[in-house]
Amino acid sequence: VEFAKRPEVTIQTMGKVHNPSGEGVRAVSSQVQTKANKIKEKAMAPPPVKEIFETKVKEEGTSRRNITRKKSGTNEGKFDSRNKKQGGHGKGKWDDLMDGSMDEFVEPLNENDPLYDETEEGRYILSGGGSLDPTGIYKEGKAVYGPMLTLPEFKIRLVESIREYFDSADSDEVIRSLEELRCRTFHKEVIKKAISLSLDEGPRERELVSRLLTSLHPTPLNEQDMEAGFDHLLNSIDDLTIDCPDAKTMVGSFLARAVVDEVLPPAFLSQQNNERPGDVVVERAVSLLSREHCTARLERVWGPGDGRPVAELKQVLDQLLKEYLLSRELDEAALCVRELNAAHFHHELVKRGVSHAMEELDPKEALDAIVALFAFLVNNAIISEYQVAKGLSRLHKLLPDLTLDIPSAPELLADFEAMARESDCLPKARASEY
């Protein structure tokens, strides 16, 4: 019956049948409203309270802090860090008993005690080998065993002494320095270091080293030290050759000179020849000792530039000039002049060269050769123009004496000056003065 009372639902009446006015209908559904309330509650809720841990400050008033987590319960302050693995099951961790800070002080033994050892008191140095005799006194009543310095320290002090010796040529000062160092174990280093330093220097320094080895023998360097030092030098000859290509030839000359000076016994070369068959250094030394008049020759093994007197230098210059006038080899003459290592004495070369040329059968041709030699030496910076000018000035002063022996000396000297100017052997500012 109620259904019959209801009006018919047609297209025109749709939307007007149930609640045409829309009264009482919510604009938002209940589900959406529930979600909005939950978001609002979360926004209005207070922030969560974080747990605050107490900290312990190591020093009050400073910025350094040792933050320690507070332990609750009965284990507070009883945490044992030794049980912590710290990586590798604690293998890299030092134990408190191993740091030595808690060791008890041990009273020194009495000198009357049978077990008393003087090395247990005070400062002392242990040596890996050598004599066990005390090498000196570090403090009063306390003996020192072994070298006073380490090997690197000894080498530094030794280099300073040798370089000073190159300037002063005082071998007694080197001996005093070695005695003050008190490093008898390292005495073999003296031979190697002295010879290796002289390889980079000139003939004068090599001659000084040969004389130094003679002064050091037999004290403070005995025969065993000398043999050990030269053996050490031969073992490192390959390294020396890298810096000095002529090292093998020079070391062979040092060996032969040491045998002549009675620093090394001849049996040392025989022993080294057996141990090092075909060694160039040992063969060089044996060949030098096998020559005729080897003793006199080896005394001048380092050439004319070894610091010999002026009279001997003049003899060497005469031999050099006579050989050049016969052979006319510029390279060989230049090498001999360079080996003289006497730059301050080159004016004597000019004076003697012109004098020898004037005495030849064909003086003009000889003067041409002498001018060619001086021009070659000046162009290669072996002698300076001022040394040529100084030699020419000395010739002008000696011209009256030269005229007595050579009547044509003034004309020949004038020709030499003209050729020297053309070859640029004289300083340009002073060429017009002669």
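Q: Why should helix α13 span 26 Å?
A: The expected span of a helix is 1.5 Å times one less than its number of residues. Helix α13 covers residues 310–327, so its 18 residues should span 26 Å. Its end C-alpha atoms are 26 Å apart, which agrees. This is a predicted model: local features need pLDDT of at least 70, side-chain atom pairs count only at pLDDT 80 or more, and totals for chains, interfaces and linings use all residues. Residues are numbered from 1 along each chain as its sequence is written, and side-chain values use heavy atoms, with hydrogens and water left out.

Q: How many helices and strands are in the chain?
A: Both are DSSP runs, numbered from the N terminus: helices are H or I with at least four residues, strands are E with at least two. The chain has 19 helices and two strands.

Q: Which residues of α13 are buried?
A: Buried means under 20% relative accessible area, exposed over 50%, and partly exposed in between (1.4 Å probe, protein chains only). An α-helix has 3.6 residues a turn, so residues three or four places apart point the same way. In α13 the buried residues are Leu313, Val316, Leu317, Asp318, Leu320, Leu321, Tyr324 and Leu325.

Q: What covers the buried residues of α13?
A: The cover includes α14 (330–340), α15 (346–358) and α16 (363–379). After α13 comes Arg328, with a positive phi near 60°.

Q: What share of the chain counts as buried?
A: Of its 434 residues, 33% count as buried. The chain exposes about 29400 Å², and carbon and sulfur atoms supply 51% of that.

Q: Which residues does Ser253 touch?
A: A contact means heavy atoms within 4.5 Å. Ser253 is found in helix α9 (residues 247–260). With a relative accessible area of 4%, Ser253 is buried. Leaving out residues up to four places away in sequence, Ser253 touches Arg284, Leu288, Val301 and Trp302.

Q: How many aromatic pairs are there?
A: Rings of Phe, Tyr and Trp (its six-membered ring) pair if their centres lie within 6.5 Å; planes under 30 degrees apart count as stacked, over 60 as edge-to-face and the rest as tilted. By this rule the count is four. One of them is tilted: Phe154 and Phe186, 5.7 Å centre to centre, with 50° between the planes. Phe154 sits in helix α3 (residues 151–168), and Phe186 in the loop between α4 (171–181) and α5 (188–199). They are 32 residues apart, and both are buried. Phe254 and Trp302 also form a tilted pair, 4.6 Å centre to centre with 50° between the planes. Phe254 lies in helix α9, and Trp302 in the loop between α12 (294–298) and α13, 48 residues apart.

Q: Which residues have the most contacts inside the largest nonpolar core?
A: A nonpolar core is a set of buried Ala, Val, Leu, Ile, Met, Phe, Trp, Tyr and Cys residues joined through side-chain atoms within 4.5 Å. The largest has 48 residues, and those with the most contacts inside it are Phe154, Ile195, Leu216, Met226, Phe230, Leu255 and Leu264. Helix α9 gives the most to this core, with eight residues. A second, separate core of 44 residues includes Val337, Phe345, Val378 and Cys425.

Q: Is Ala409 buried or exposed?
A: At 0% relative accessibility, Ala409 counts as buried. Ala409 lies in helix α19 (residues 409–422). The C-alpha atoms of Ala409 and Met358 are separated by 7.1 Å, though the two are 51 residues apart along the chain.

Methods: Accessible areas come from the Shrake-Rupley method with a 1.4 Å probe; for residues, only the protein chains shown count as cover.
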